[in-house]
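Colleague: Hi! I'm new to this one, could you walk me through it?
Modeller: Happy to, let's bring it up.

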Amino acid sequence: MRKKKVQKKSIKARFRTALAASSSKVVLAVLGVALAIFALIVFLLFRSGIFERLDFGGIWINLNVKNWPWTLVGVVLGIVLITFVISLLIGTFPLKPVDDLIDSMDRLSKGDYKTRLKFGKAVSKNKAFKEISESFNKLAEELENTETLRSDFINNFSHEFKTPIVSIAGLAKLVNKGNLTEEQKAAYLTAIEEESMRLASMATNVLNLTKVENQTILTDVTKFNLSEQIRSCILLLENKWTSKELDIQLDFEEYDIEANEELLKQVWINLADNAIKFSPHGGAVGFEILESESSLTVHISNEGEEISPDRIKKIWNKFYQADESHAHEGNGIGLAIVKRITELHKGEAAVECRDGKVVFSVTLPKKQNQ
């Protein structure tokens with residue numbers, strides 16, 4: 001292990017040395033070309049006799065010396081030496097920002113997603129280096145968010161997937177053993193059925209999410225009554241809101257919209273189901289439609305515990321659940337579907353907490369070709 005680390009360090013050291021040498025060679029080559037042009041011009045001026053006598057404010061200096069070619073060679077060699085030293089300095093010190101970039105990329109490649117690139121004050125004022133640091137830091141931030149999302153997926157989705165399977169296996173084992181009353185057997189079979197439906201629902205949501213995520217063009221756009229669609233979705237969830245004795249409040253008139261009817265149906269079912277799930281027993285769930293010149297905004301609100309600001313930022317992520325205790329059923333897929341379908345319709349989805357309520361809002365254009 002130690003040999004590998006030493007080997008990696010030596011490779012990095014050789015790379016940086018080679019980079020410095022390459023930079024020095026480039027600088028030296030540029031200065032060399034400039035020096036050659038300068039020497040050629042001086043040579044031609046000597047040959048033409050222009051440098052025989054120079055007037056410096058009335059003082060005449062005679063440059064017509066016999067050994068002027070050797071003088072020129074000495075001057076050129078001196079300038080070459082100075083140029084070489086300068087090129088080494090130029091090729092070494094300016095590589096400090098590049099060295100910082102290499103170190104940051106190395107840490108990022110090893111999984112340190114909290115790495116951020118920060119140049120010195122003098123370098124950071126340069127527009128190019130400023131753009132490099134901003135792009136790198138944005139990349140690191142996105143990777144950090146992706147890692148957080150992956151962890152959420154492992155913790156939440158695996159829990160939601162494993163729980164019903166364990167329940168089904170345990171209940172099936174009890175039923176298989178026998179010695180149960182008819183009432184117990186019926187109760188266990190009902191629980192098995194519910195857990196099976198839960199798994200089926202989860203699989204359906206994953207398939208729906210995969211479908212809309214891979215879809216880039218909105219198809220099957222028709223004109224339909226949005227108000228009637230929302231009322232139909234509420235009726236589909238009647239068993240859920242009646243069992244909690246919720247007060248369903250509808251506050252909207254009749255509105256038409258051009259959209260994909262089947263996709264929007266998933267939006268309202270997911271949001272309504274989410275509102276019912278998190279509402280306290282006997283609470284109220286509100287549905288409101290507001291109209292502007294070119295868009296319609298649907299508000300779906302429920303009473304209950306407010307969502308903290310840090311969780312609101314993550315609530316649209318796949319497999320993220322605001323209820324970390326898993327006290328409520330769910331797999332964190334529904335809101336991701338809502339977000340993606342809204343984006344396909346060139347709309348916006350948002351959530352806020354106000355007046356003791358959690359309010360989800362979906363704004364959609366009335367027409368897709370506007």
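**Helix packing**

Modeller: Helices α7 and α9 lie oblique to each other, a word for angles that are not under 35 degrees (roughly parallel), over 145 (roughly antiparallel) or 65 to 115 (roughly perpendicular). This is a predicted model, where local features need pLDDT of at least 70, side-chain atom pairs count only at pLDDT 80 or more, and totals for chains, interfaces and linings use all residues. Residues are numbered from 1 along each chain as its sequence is written, and side-chain values use heavy atoms, leaving out hydrogens and water.

Colleague: At what angle do α7 and α9 pack?
Modeller: About 50°, with their axes 9 Å apart. Axes are lines fitted to C-alpha atoms, for helices over the stretch in contact, and angles run from 0 to 180 degrees between N-to-C directions.

Colleague: Which residues make the contact?
Modeller: From α7 there are L226, Q229, I230, C233 and L236, and from α9 there are E261, L264, K265, W268 and I269. Contact means heavy atoms within 4.5 Å. By class, 7 are nonpolar, 1 is polar and 2 are charged. Here Ala, Val, Leu, Ile, Met, Phe, Trp, Tyr, Cys and Pro count as nonpolar, Asp, Glu, Lys and Arg as charged, and the others, Gly among them, as polar.

Colleague: Staying with α7, which residues are buried?
Modeller: In α7, residues 226–236, they are L226, S227, Q229, I230, C233 and I234. Buried means under 20% relative accessible area, exposed over 50%, and partly exposed in between, with a 1.4 Å probe and protein chains only.

Colleague: New topic: how do α6 and α11 cross?
Modeller: Helix α6 (residues 182–213) and helix α11 (residues 334–344) have axes that come within 10 Å and cross at roughly 25°. That angle makes α6 roughly parallel to α11. The contact involves N205, N208, L209, V212 and E213 of α6, with A336, I337, R340, I341 and L344 of α11.

Colleague: Zooming out, how many helices and strands does the chain have?
Modeller: The protein chain has 11 helices and 9 strands. Both are DSSP runs numbered from the N terminus: helices are H or I with at least four residues, strands E with at least two. Of the 370 residues in the chain, 31% are buried.
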